[in-house]
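Hi everyone, thanks for coming along.

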Amino acid sequence: MSDTKLVNFELDGIPIAAPDTLTIYDAARLAHEYAVNEEDRRRLKEDPIDIPILCHKEDSRDELKSVGVCRVCCVMEGSPRLPYQVPKRYIASCCRKVEPDMKILTRSPDVDESRRTLVELLLAEHPVPCKRHEQFHDCELELLGERFGLLETTEDPTKKAGQDGKYKTEWVKPQVYTDRVFSKGTDFTNPSIHIDHSACVLCDRCVRACSDVAGEMVIGRMGKGKNTAITFDLDKPMGQSNCVSCGWCMISCPTGAITYAGSGIQAALPGAKLAAEDMKRHRLFKEISIEFLRRAEGGVVVRHFRKGEIICRQGDFGSTAFYIDSGKVDIFLETEFGHVRTRQKGGFFNRVASLLISREEKPRKEENTRAYIPIDAPIDLAYEKPFAQIGEGELFGEAACINLQPRSATVRAAEDTIVLEMLRNVVDILRRQKPFRMEMDRKYRERALATHLRTSDIFRDIPDEAVDFLRPQVSLLSFRPGETIVRQDQRADDPDNGGLYLVRMGHVKVTETYADGNSITLSYLSRGNVFGEIGLLSSEAVRTANCAALDHVEVVRISKPVFDELVVQYPALKERLGTLAAKRLADNRDHAAMQKRVSLQQYVDAGLYQAQSLLILDLEKCTRCDECVKACAQAHNGITRLLREGTKYDKYLVTTSCRSCRDPLCMVGCPVGSIRRKNDLEIIIDDHCVGCGRCAEQCPYGNISMHPIKRDLSKEELDKGAGNGFKATVCDLCNSDQCLDEIDDPACVYACPHDAAHRVDGQTFFDQTLFGNGKK
Amino acid sequence: MLVDRNARGWIVATIVMFVASVGLYIPYVASTVHGPSGGSAAGLAYGVVGSLFMLIAVLLGLRKRFRTLQKIGPIPAGRAHTWMQAHVWLGLLSYPVILCHAGFRFGMTGSLTWAIMWLFTVVFVSGIVGLVIQNIIPRTMLERLPLETIYEQHGRVLALLRGQVKAIVDDATLEKDEEAFELEAVPAGAAVVTSPNARLLQAREQLRAFYEDDLKRFLDDDPRSVPRLATARTAAGTFGSIRASMPASLLPAIDDIEHLVAERRQIMQQRVMYHWLHLWLLCHVPLSYALVVLAAIHAFQAVRYL
């Protein structure tokens with residue numbers, strides 16, 4: 001990465017140039033990428049450096065910090081000015097960062113002997129075999145014992161995996177010391193997790209998982225010397241402690257000290273349930289702890305789809321993700337592009353019916369100009385032809401599963417296809433596996449980055465050469481709900497989190513904090529939106545707002561040096577970003593001015609503080625003639641966007657019509673990003689709305705309606721479960737070309753014959769009119 | 001339309017034009033030998049101007065059909081409120097102008113001009129009545145009907161109210177074992193015994209009877225058919241007497257029912273006010289169109305035989 005410094009050092013005599021943020025362990029694992037010579041890279045790919053680990057656990061989010069307590073990953077550091085053979089010291093490769101001119105020896109008889117001795121000493125305190133190894137041949141310590149020739153395992157073919165005695169493990173040579181004769185005790189007080197203290201090697205993985213990953217802080221260490229053991233809530237039985245049985249300790253434990261005692265997830269997923277041992281053999285799950293897989297049994301099913309069968313349908317609320325084991329799938333938007341209108345039918349009473357008007361038939365001026373539609377798959381759909389195909393080894397439906405969004409597109413088997421359908425906990429664990437993440441990220445860089453960049457207005461016409469330039473340079477980062485991505489007043493050229501961000505998955509909340517400690521929400525950003533441009537372009541290079549993950553967020557970060565290099569080649573990008581930054585700054589200033597003008601608390605409860613454009617009716621003037629409603633319907637193809645009903649304040653009725661909130665919650669969660677702001681005020685729903693209803697659910701004021709639409713469906717389509725569907729409708733302040741393009745007022749205000757209807761800014765109006773803080 | 005200070009410009013213009021019309025009428029009458037006539041030059045001028053005002057007033061209906069009309073040819077169409085102001089003030093002015101045109105005569109009984117003048121008078125008066133109503137009733141509704149809802153939704157709201165009242169009564173009159181007995185004070189040393197809570201059982205029966213006899217009818221049919229609940233005063237008295245005979249455990253239910261009855265009464269009042277607010281239009285609008293047609297015939301005849 002360009003924002004980190006590359007350091008040159010030697011690994012087993014091979015020159016390496018790797019980022020200084022890597023540990024020796026990571027640099028060795030990725031040596032085939034960082035070796036200076038092509039020949040070395042090729043050789044390392046065929047014969048990678050394999051440093052054994054025990055207390056260290058790879059985690060894609062680096063939440064399980066390395067502590068180097070077991071030292072099994074030790075490597076020898078040579079003296080920089082002396083030949084390799086002259087050792088300086090042994091160091092733990094999992095936590096020591098690479099440094100310039102280091103000489104590291106990872107493979108030598110001395111290093112192996114040291115590791116072997118460490119493993120042997122740990123095994124001396126460990127039951128051989130432990131329960132986990134006896135059932136699944138999966139204890140990491142005993143596997144290391146086998147690797148170093150200390151132990152030998154035979155399999156009993158008459159028994160199934162999971163049964164006691166399936167695997168028999170013995171010392172190869174009689175050990176020089178006596179076997180441990182005492183037990184450190186067991187704890188079976190938790191119904192789903194069992195503890196065997198004798199099998200614990202005090203690697204602290206469970207302690208770190210409980211505190212740093214799960215955030216529960218229940219597990220700790222107590223005692224000294226041989227009495228040292230892990231404890232729950234300062235030595236309570238696990239079942240009586242504050243443990244929430246999340247299972248992170250069990251997933252992290254390398255041995256049989258913490259094992260699963262329950263009976264798996266009783267999920268009602270359709271398809272063939274995949275047994276833990278079958279999962280373990282699958283390439284997708286091979287890195288995952290067997291204890292977790294046992295617990296997740298039922299959380300993964302194998303599903304076979306014939307060509308043409310629907311795997312998932314857009315708009316459905318699914319809580320699973322899909323991994324294509326074999327075959328190919330088509331991804332497409334089922335809903336026709338278009339907006340709704342009401343047409344008069346014949347007949348005496350002029351019956352009306354809502355119909356869908358295609359973009360070709362009557363295009364809308366305000367319709368999106370974007371080139372791609374963001375969806376929940378490793379690819380985006382072209383706006384003009386929303387269809388794509390993905391194949392074996394691809395994961396889709398991740399955002400629907402993790403962030404509980406509606407499905408963004410329909411997926412159909414393009415040929416006979418086998419998929420693994422997974423529940424959220426399985427996907428979550430998968431996402432934490434470094435090899436899995438790396439593979440997914442590699443595919444993303446190769447296939448999706450280009451279209452993803454082009455979903456953004458800023459990068460909409462970025463040439464292929466620029467994408468090729470960015471591909472290896474960008475960082476792909478993940479954030480948990482609530483986690484801060486960038487903080488106000490932080491440096492925008494910071495090597496760790498400086499630069500420009502592009503949202504890849506999830507939603508980002510942008511807030512600004514003022515000197516008095518108050519903060520307001522400036523915006524919500526979703527897939528395809530960029531942020532961080534203001535700090536990047538300003539001379540002070542300081543962030544002007546906080547950006548935090550609202551749900552599980554993934555972003556693409558373009559560091560400052562890469563960005564600078566890019567804009568030198570493509571100055572148009574800088575110009576566009578400059579325009580965007582200026583617009584956002586102006587909006588922020590407005591927000592700040594508003595914040596100072598009014599006392600917020602009075603309006604917060606009713607949400608009026610959020611309203612930028614309230615439709616209010618003066619009930620002293622209003623004759624309840626409904627001209628406003630009729631005008632709205634007339635301006636919007638027969639479908640009204642307002643109801644003359646709502647909350648009353650003094651003599652004013654706040655109608656049920658979009659308020660163009662400052663904090664537009666409706667925009668959070670749209671699976672295809674069809675709801676957006678236009679001109680920083682009105683909310684627009686684009687024609688590719690899939691009718692999932694998320695925006696209507698999210699609007700706290702009930703101002704978005706789901707309008708049923710009529711489509712001409714064939715019998716075959718109806719048999720396949722296709723419905724007429726819905727489209728979301730919302731007040732657009734009549735700023736579309738169907739409405740009043742030459743009049744400033746929206747139709748409801750323009751058509752009110754009694755001067756009772758007004759569009760006002762919530763804060764200003766109520767502050768001035770109701771509380772007398774100024775002249776109306 | 002509320003006549004407020006925003007209409008000052010229109011009011012001043014109307015008064016000025018009215019004064020001008022009357023001011024011009026006096027020398028006009030004085031200059032004639034046989035008295036004013038609609039066929040004279042001045043009379044015709046009054047007729048044209050008055051007809052133009054009437055036409056503008058009538059065009060409001062057409063303007064309201066095209067609510068989102070922005071331009072009429074190259075001319076901006078104007079807001080509906082502007083048209084309403086024109087309707088009211090020019091409509092008001094048209095009557096004295098037409099009177100000037102007619103020489104303050106209604107014509108021979110049974111003639112077209114006689115019919116037009118009477119029709120015009122009815123339209124004029126109904127318009128003024130409507131204006132007054134529109135200035136009074138919205139304010140009254142705002143004051144008296146805090147639970148006002150959309151007129152078209154009344155049926156739905158009433159169904160909800162009926163369901164809520166029934167649920168409250170069902171729940172309150174449901175026999176509960178723990179409440180069906182009461183503790184009885186006995187001399188010291190004797191055992192405490194329980195006996196059926198006669199007062200509670202009686203109260204439940206009374207509430208059920210009140211629901212069956214009055215509440216259902218009040219909610220289902222015309223509320224005025226139940227006088228003891230039809231007005232706020234009588235309802236307060238009715239609920240006061242019911243409350244006095246109810247045990248404490250049933251009082252919250254009575255409070256809820258009273259609140260729902262008040263809501264029902266507000267719907268009834270809203271319907272009455274809504275009708276007052278709009279029913280005058282049934283007279284004003286068709287007669288206005290009839291007036292325009294007759295006036296057009298009159299104009300045609302007048303021009304033909306000029």
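Let me start in a loop: Pro129(A) sits between helix H4 (109–124) and helix H5 (131–136) of chain A. When I say helix or strand, I mean DSSP runs, with helices (H or I) of at least four residues and strands (E) of at least two, numbered from the N terminus. The peptide bond between Val128(A) and Pro129(A) is cis, with omega at about -5°.

Before going on, a word on the ground rules. This is a predicted model, where local features need pLDDT of at least 70 and side-chain atom pairs count only at pLDDT 80 or more, while totals for chains, interfaces and linings use all residues. Residues are numbered from 1 along each chain as its sequence is written, chains are lettered from A and ligands numbered from 1 in the order in which they are written, and side-chain values use heavy atoms, with hydrogens and water left out.

Another backbone detail is at Leu733(A), a residue other than glycine with a positive phi, near 55°. Leu733(A) is in the loop between strand E40 (726–729) and H22 of chain A. As background, most residues other than glycine have a negative phi, and most peptide bonds are trans.

Now to the sheets. Two strands pair here if DSSP finds at least two bridges between them. One open sheet in chain A has four strands in the order E27-E32-E29-E30, with antiparallel pairing. Strand E27 (484–486) and E30 of chain A are at the edges with a single partner strand each, so one side of each is left without a neighbour in the sheet. On average, neighbouring strands of this sheet are turned by 30° against each other, direction ignored; the axes are lines fitted to C-alpha atoms, for helices over the stretch in contact, and angles run from 0 to 180 degrees between N-to-C directions.

Have a look at strand E29 (residues 508–513) of chain A, which pairs antiparallel with strand E30 (residues 519–525) of chain A over six bridges. Val510(A) has Ser523(A) as its bridge partner in E30(A). How many residues lie between E29(A) and E30(A) in their hairpin? There are five, and Gly517(A) in the turn has a positive phi of about 95°.

E29(A) also pairs antiparallel with strand E32 (residues 546–549) of chain A, over four bridges. There, Lys509(A) has Ala548(A) as its bridge partner, and Thr511(A) stands opposite Asn546(A).

A second open sheet of four strands in chain A runs E35-E36-E34-E41, again with antiparallel pairing. Its edge strands are E35 and strand E41 (757–760) of chain A, each pairing on one side only. In this sheet, neighbouring strands are turned by 40° against each other on average, direction ignored. E35(A) is joined to strand E36 (residues 652–656) of chain A by five antiparallel bridges, and one bridge pair is Leu643(A) with Thr656(A) in E36(A).

That brings us to the interface. Counting heavy atoms within 4.5 Å as contact, 32 residues of chain A touch 33 residues of chain B. Together the two chains bury about 2,800 Å², 49% of it on carbon and sulfur atoms; that is the accessible area (1.4 Å probe) that two parts lose on being put together, summed over both. Which residues of chain A lose the most area to chain B? They are Glu620(A), Arg624(A) and Tyr750(A), together 25% of what that side buries.

Finally, salt bridges: a side-chain nitrogen of Lys or Arg within 4 Å of a carboxyl oxygen of Asp or Glu. Within chain A, Arg89(A) and Glu77(A) form another, with their closest N and O atoms 2.8 Å apart. Arg89(A) is in strand E4 (residues 87–92) and Glu77(A) in strand E3 (residues 74–78) of chain A, so this pair ties together parts that are twelve residues apart in sequence.

That's my tour, and I'm happy to take questions.
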